Amino acid sequence: MALKYDFKEKVKELKEFLQMRGINITEEINNIEVVEGYDNCSCHLTCEYKNKIIEIMLTNCSNDTLSIFYNYWHSSNNNNFRMSPVVSFSIMDLSSEKVMFGYIINKSFYTFIEMLNIYLKNYKEIEDGEVKFQF
Amino acid sequence: MEKLNFNFNKRVERVKDYLSTKNAIFINEYRDDKTIFSRLMYIYEDTLININILSYDENSLTIRYIYNDYENNNNHQDSPTIEFSVQEIPAKMVHFERIMKKSFNFFIKMLKLYKDKYIR
């Protein structure tokens with residue numbers, strides 16, 4: 001089933017939102033295909049926010065809605081592949097209508113950033129190979 | 001079933017023990033011994049949360065805490081999900097218990113922030 005909105009336009013709106021807030025997009029991977037008659041779209045953005053790498057993924061959810069996923073992988077930021085925490089926040093089934101889409105993007109992004117800030121404030125590094133997690 | 005160098009069931013029981021001290025109400029558990037996976041469902045302060053525990057490799061585990069707004073409010077539009085997970089936690093009980101407790105408490109902080117700030 002074809003989407004009732006222009007997915008590329010939603011990606012553009014998301015990128016404009018991020019760029020207006022000084023967020024640097026370092027990588028973008030787009031995948032737009034039709035699978036068994038259904039549009040299957042995704043855009044994966046790797047971003048830098050205050051020297052932290054965050055991943056943002058936008059996908060179609062239904063033919064007139066989208067989903068957005070925010071992720072912070074500790075391993076991507078600290079090269080620590082042991083015991084890696086992941087902070088995730090997502091919104092499913094968000095409206096493609098421009099005003100509502102912008103409103104939810106704004107609200108969800110800042111909620112995720114606040115969650116991330118709590119995590120970063122409370123996290124302490126591993127010292128001398130010994131487990132020293134502090135949340 | 002993968003051969004583990006630790007007792008998976010004991011780790012799951014330790015999570016349950018800890019949550020009982022936090023006044024979380026146990027709802028149910030789904031267990032898949034083939035993939036070494038346990039999903040615990042709890043009510044914590046009137047909120048339904050899921051806790052997934054799975055083996056990462058033969059010496060470590062992953063724990064994942066999940067809040068789905070649609071499960072709590074039966075609202076599928078603009079539906080938020082909050083997740084916090086820690087992968088590859090050493091299975092040694094003293095480490096596992098420490099990380100499990102810390103990660104649960106951090107997840108609850110995320111949840112409280114969401115409830116306070118994210119006005120639908």
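Predicted model: local features only at pLDDT ≥ 70, side-chain atom pairs only at ≥ 80, totals over all residues.
Student: Where is the place of A:Lys50?
Tutor: Residues are numbered from 1 along each chain as its sequence is written, while chains are lettered from A and ligands numbered from 1 in the order in which they are written. Helices (H or I, at least four residues) and strands (E, at least two) are DSSP runs numbered from the N terminus. On that numbering, A:Lys50 is found in the loop between β2 and β3 of chain A.

Student: Is A:Lys50 buried or exposed?
Tutor: A residue is buried if 20 or more other C-beta atoms lie within 10 Å of its own, exposed if 12 or fewer, and partly exposed in between, with C-beta atoms placed from the backbone. A:Lys50 has 11 other C-beta atoms within 10 Å, so the class is exposed.

Student: What is the phi of A:Lys50?
Tutor: Most residues other than glycine have a negative phi. A:Lys50 belongs to the hairpin of β2(A) and β3(A), which has two residues between the strands. Although A:Lys50 is not a glycine, its phi is positive, near 50°.

Student: In what order do the elements of chain A run from the N terminus on?
Tutor: Chain A has three helices and five strands. Their order from the N terminus is α-β-β-β-β-α-β-α.

Student: Over how many bridges do β1 (residues 24–35) and β2 (residues 38–49) of chain A pair?
Tutor: Two strands pair if DSSP finds at least two bridges between them. Within this pair, A:Glu33 has A:Asn40 in β2(A) as its bridge partner, and A:Glu36 in the hairpin takes a positive phi near 50°. The strands pair in the antiparallel sense, and the bridges number 11.

Student: Which residue of β3(A) stands opposite A:Ser42?
Tutor: β2(A) is also joined by eight bridges to β3(A) (residues 52–60), and these two strands run antiparallel. In β3(A), the residue opposite A:Ser42 is A:Thr59.

Student: Which residue of chain B is in contact with A:Ser88?
Tutor: A:Ser88 lies in strand β5 of chain A and counts as buried, because 20 C-beta neighbours lie inside 10 Å. Its C-alpha atom is separated by 4.6 Å from that of A:Asn71, 17 residues apart along the chain. Two residues are in contact if their C-beta atoms, placed from the backbone, lie within 7 Å. Leaving aside neighbours within four places in sequence, A:Ser88 touches A:Phe69, A:Tyr70, A:Asn71 and, in chain B, B:Glu83.

Student: Which element gives the most residues to the side of chain A that touches chain B?
Tutor: The contact takes 24 residues from chain A and 27 residues from chain B. On the side of chain A, β5 (85–95) and α3 (98–122) are the elements that give two or more residues. With 10 residues, the element that gives the most is β5(A).

Student: Which residue of β5(B) stands opposite A:Pro85?
Tutor: β5(A) and strand β5 (residues 79–90) of chain B pair in the antiparallel sense over eight bridges. In β5(B), the residue opposite A:Pro85 is B:Val86.

Student: How far apart are the end C-alpha atoms of α3(B)?
Tutor: The buried residues of α3(B), including B:Phe96, B:Ile99 and B:Met110, pack against α3 of chain A together with α1 (8–21), β4 (60–68) and β5 of chain B. The expected span of a helix is 1.5 Å times one less than its number of residues. The 25 residues of α3(B) should therefore span 36 Å, which agrees with the separation of the end C-alpha atoms, 36 Å.

Student: What is the mean pLDDT of chain B?
Tutor: The model scores ipTM 0.87 and pTM 0.89. In chain B, 97% of the residues reach 70 or more, and the mean pLDDT is 92.

Notes. pLDDT = per-residue confidence, 0-100.
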